Amino acid sequence: MTLYTIAPHARFLATLADKVMDGTLLAGWDRSQPLWLSDVTIVVPTRRARLALADAFAGHRDNRGLLPDIRTFGGEVEDEEPFLPPFDVTPPLPPASPLERRLVLSRLVAAWADTPEGRRAFSSPPTAAEILSMSESLGLLIDDLLTEERSAADIRAIVPELAGDLGAYWQQTLAFLDIALTYWPERLRDKGQEDGARLRGQRLDRQAQAAPLLWGDRPVIAAGSTGSIPATARLLKAINALPRGAVVLPGLDTTIDAADQADLLDGEHNPQGHPQYQLARLLAELGSPASAVVELADFPGPRTTLVNRAMALAKDTTRWPAQKAHAMPIEDGLATTGVSIIAARNEDEEARAVALAAREALENRQSVGIVTPDRNLARRIAAELRRFDIEVDDAAGAPLFQSASGRLLRQIVCFADSGSAVDLVALLRNRAAMFGQPRPDVSRLADSIELGLLRGQRAAPGLAGLRLLLEANIAKVTKYPAKRLHERHRQPIEALFDRIEAALAPLLALMARPRITASEFAEALFRSFELTADGADSPGRDELTAWAAQMAAQTDAGHPFEPRGLDRVLQALMVGFQVRTRETRRQDIMIWGQLEARLQNPDLLIMAALNEDKWPETADPGPWLSRGMRLAARLEPPERRQGQAAHDFVQGMGNERVIIAYAQRVGTSPSLPSRLLQRLEAFAGAGLAGDWRQRGARWLDLAGRLDAVAGVASAPRPAPNPPPDVRPRKLSVTEIETLMRSPYDIYAKHVLRLRPIDALGASADARDRGNAVHDIFSDFVLAGHAVTDPGALDILKAIALEKFAGFEAIAERRDIWVRRFTAAAQQFLAFERERNDRVKRRHAEIDGRWDLPTGFALTGRADRVDELHDGRLEIIDFKTGSVPQPGVMRAFEAPQMLLEVAMAKHGGMAPVPPLDTAALRYIKIGLGPDAFIDKGFGLEDGYTIMGAADEIVRRMQRHVELFLFRQTPMPPRLLPVKQQRFPGAYDHLMRMAEWTAVDEDDEDIIQWW
């Protein structure tokens, strides 16, 4: 008997080594010679399995220092070459680059998308990135055809068969596939190249043909392969036919009978997603029933029985009640004493719980393997392990696009494309962005650029706009910069701008062209990268250099495209390029993908991301063939990959200690546990499944406690109490309201001297638009234009063009604002003309100061103060935001305008004469039909304007005397603004959310007067 299997509950490689050493797999080979083990050849699927098997032999108790000849048939040319026969054959053709294939096929896809048929197949014209993505999918379809030994003829043959069932889209797609699948092989023949998938099949077939010549009657063992590739299955068959050949299958269920085996090959039962499907196909190729395969595990495994039964075909689940009734070890829980389930709330909690479980195993000197198909989760787990100084890397590596070098490349593309403040700061904050200078110098200049030029400023896109802002800041034209720059800052900042311009020049020159190619894009981008990272050692740089070299060789490949959406184009061009860790990390813990984990048996195996659509993945047939079309072309359906994932799950469950982890929410969406886990729990029953979850709950509890605090107490309301002599002796009229409502804000602004900084890269909004309109009307009055002038409207429009010119970053929106300003200008003129006979003189933007006898000064700027013919004043406040509610005005909670009345009366607004005020107006300004809303000032019953002004001055003086001239605490939010929709400038500093508990209709108000 030459067919064997090792059940999941037995350590595969250790058992394989045992059965070689005791002669079970050697068919009577003489073991009396001291060098007998070196005559044995063992073939395993991967290099990782090869190294692990060598360790198993090296540590075997009966080993005397020799190792067998261990090889792989996993597609590595250097490992397969020794298999090649010793007779003359035609040398294999050189392999075609997958990148070249992607680019060549993109030309076909782009040309097809531009035809009438192709345009009907797309809802909108595809972008360059979408075309590259589709060409990659087309390349994967070519690989599937070659791997499963099908051809374009098989695709062509399904047209008559399905003609009546195919829609117009699929018929158009098949017509294009016929062109593409004919063109690509012809191109390969012309260039003397071959696809990698075909070369792999050729090598495997040559190995199968050469097997009798190479080994004769020496022992040859093929272990761990499911024979999913037809050529691999033929090689296994050739080895099995050798005099001392043996095939060791991974995890075959030897309890399945002939009927079950037939069902696994019957497409009517949709068996492709079953974990035993590939093995059933292989046994059919080998011509053997499952009952003829010898189990090498030395002991029975109740867990293997449980898992195999849980993974039964859908039609066989009717056997579950009878199977569970006769499975006492399963009922007693003996099968799953080492199984735990971590049902985390989200991916963050899942990663933390997994890291804690791994840490405990390492402390107990146990090896840990973490298996996940989710590379983002793998990075989360690695980050959580670093909490405990445990360095571990994902064995699958990181995509080049997401590596440190790839990140810098993306930042270069984004800034070149947008020229925005956010993208510039992101680029300058990258540690690899050195531009040939010491990194500390670049960091210091980045601080000056961000604070001096970008915070609160509206720069035109690109470095030209920043140069203008630099000049304005140094010349003190910029009104309120977050940082005032001086002459000494000019030269180093301009020098950095020059270096950035030089670095981006190759890319910007290319982007100025109407159409570019992928090769040209990669060449220019890599040149910009070298100039940007001049002097930096960035992880992934070697792989990036290799990618750029491959791209440079594809000068005649790829379709021309417009230089737009280049970050997505870059991502599509980097598919398949990985950055792997070259450093030697600890060997007792690893993070594997599903492929790397096969045949591995650590002391603790953690299977993470057991979520539906992750493990197993979605059965996506791709954009070119539907599932039915694949079956008609005799291709395997996409569920085949789900069957492999299910087999990996079954193999993993065979470990003595297993933790299964999944998240109930992935991103922002709810997520379900994997169907594999659901089946396992359904078969085991609520009792056993509850025990598994209870064990996993321990890690969730520890994860929750990891960052928890012993007790949570509400923070007290802050009440800073600085000495009176450091408190301000001058406030503006708007700050008096702040003093009344929240003295803490005055403390933060004037004692701590903290100023809020505008968000980086904030675009112009409604407030900026309102301020511009406000300035237009002020400039109109300051320039002395008459409101009765027939050309007044044209004058206002001219001023508007000047004021709105600074909004280049939002040119389209700005143009709309300019067009809509006409309505506002007309209403402004109508308002002013209606009251023109009463107005003697108009004053705009009047700065005022009133020095009180107490030593306190009141300052402010009035939008408009108009002298009337009756010897009184009218004060107007233009509001671009909300206007105070009448109740607030009557309660003296909006003191600004009344304080301006008092200031004007006491001669604090020169050249306005000291007069009484007859009227107060709030005017809500904006754009459109309601650009002007005239609202009078509301007074408490029994008060005149002058009387109300005297009252607010008395209240102001009490607040000033209490909070500024005494050592009185300065708490926040004494008089909160009801239903305030925006955060205060110092809310985060006062930690308001930690001590405020206010109902929607109830305010916590403390009266201090």
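## Basis of the model

This is a predicted model, in which local features need pLDDT of at least 70, side-chain atom pairs count only at pLDDT 80 or more, and totals for chains, interfaces and linings use all residues. Residues are numbered from 1 along each chain as its sequence is written, and side-chain values use heavy atoms, with hydrogens and water left out.

Helices (H or I, at least four residues) and strands (E, at least two) are DSSP runs, numbered from the N terminus.

## Helix 19 against helix 20

Helix 19 spans residues 421–429 and helix 20 spans residues 439–454. Their axes come within 9 Å and cross at roughly 160 degrees. Axes are lines fitted to C-alpha atoms, for helices over the stretch in contact; angles run from 0 to 180 degrees between N-to-C directions. The two helices are therefore roughly antiparallel. That term applies to angles over 145 degrees.

The crossing is left-handed: the near helix is turned anticlockwise from the far one by less than a right angle. The contact of helix 19 with helix 20 has 8 nonpolar, 1 polar and 4 charged residues. In this count, Ala, Val, Leu, Ile, Met, Phe, Trp, Tyr, Cys and Pro are nonpolar, Asp, Glu, Lys and Arg are charged, and the others, Gly among them, are polar.

## Helix 1 and its cover

Why is helix 1 largely enclosed by the rest of the structure? Because 8 of its 10 residues (12–21) are buried. Buried means under 20% relative accessible area, with a 1.4 Å probe and protein chains only. The buried residues are Phe12, Leu13, Thr15, Leu16, Ala17, Lys19, Val20 and Met21.

The cover over them includes strand 1 (3–6), strand 2 (41–44), strand 4 (220–223) and strand 5 (245–250). Helix 2 (47–58) is also part of that cover. Just after helix 1, Gly23 takes a positive phi of about 85 degrees.

An open sheet of 6 strands has the order 3-2-4-5-1-6, with parallel pairing. Two strands pair if DSSP finds at least two bridges between them. The edges are strand 3 (69–72) and strand 6 (294–295), and each pairs on one side only.

Strand 2 and strand 4 pair in the parallel sense over 3 bridges. Val43 stands opposite Ala222 in strand 4. Helix 10 (residues 230–240) packs on this sheet and touches strand 1, strand 4 and strand 5. The direction of helix 10 makes about 135 degrees with that of strand 5.

Strand 8 (residues 368–371) runs parallel to strand 11, joined by 4 bridges. Val368 stands opposite Ile589, and Val371 stands opposite Trp592. Both faces of strand 11 (residues 589–592) are covered. Ile589 and Ile591 are buried on one side, Met590 and Trp592 on the other.

Definitions and conventions:
Buried means under 20% relative accessible area, exposed over 50%, partly exposed in between (1.4 Å probe, protein chains only). Contact means heavy atoms within 4.5 Å. Angles under 35 degrees count as roughly parallel, over 145 as roughly antiparallel, 65 to 115 as roughly perpendicular and the rest as oblique.
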